[in-house]
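Dear colleague,

Please find below the structure that I am handing over to you. A short account of the findings comes after it.

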Amino acid sequence: MLGKPHWFRAKTIGWGLVPIRWQGWAYAASWVAAIALPFLLFVVRHQAPEAMAWLTLSVGGLTYDVWQLVRAIRAPLAKRATNAGTAGPRRNDGVLYILHSRAG
């Protein structure tokens with residue numbers, strides 16, 4: 001992940017991020033420049049296949065990075081919501097317990 005989760009907040013409607021600090025805006029602007037400038041250079045040089053390949057790969061990289069940031073932002077919220085109604089911390093070891101896990 002290239003960005004930091006504290007630079008953004010998750011969108012309330014839809015999927016994505018909203019910058020809340022200047023670093024988030026700079027991060028977004030750098031992604032726009034990193035995608036648009038090489039794409040425009042390829043188009044001006046009449047290299048359409050290379051332009052489409054660059055656009056596909058760079059937008060894929062941006063999508064992956066935003067996905068990681070959204071996961072990092074929403075993880076503490078989901079953890080708080082699941083533990084809010086429980087008496088104590090729950091074990092999360094990937095095992096389904098049908099009966100009580102206490103001995104005796």
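Predicted model: local features only at pLDDT ≥ 70, side-chain atom pairs only at ≥ 80, totals over all residues.

Residues are numbered from 1 along each chain as its sequence is written, and side-chain values use heavy atoms, with hydrogens and water left out.

The chain has two helices and two strands, in the order β-β-α-α; helices (H or I, at least four residues) and strands (E, at least two) are DSSP runs, numbered from the N terminus. After α1 comes H46, with a positive phi near 60°.

Buried residues (under 20% relative accessible area, 1.4 Å probe, protein chains only) make up 18% of the 104 residues. In α1 they are G24, Y27, W31 and I35. An α-helix has 3.6 residues a turn, so residues three or four places apart point the same way.

The largest nonpolar core has 11 residues, among them W7, Y27, W31, V66 and I73; such a core joins buried Ala, Val, Leu, Ile, Met, Phe, Trp, Tyr and Cys residues through side-chain atoms within 4.5 Å. Helix α2 gives the most to this core, with four residues. Leaving aside neighbours within four places in sequence, V66 is in contact (heavy atoms within 4.5 Å) with W15, G16 and L17.

With kind regards

Conventions: Buried < 20%, exposed > 50% of the residue type's maximum accessible area, 1.4 Å probe, protein only.
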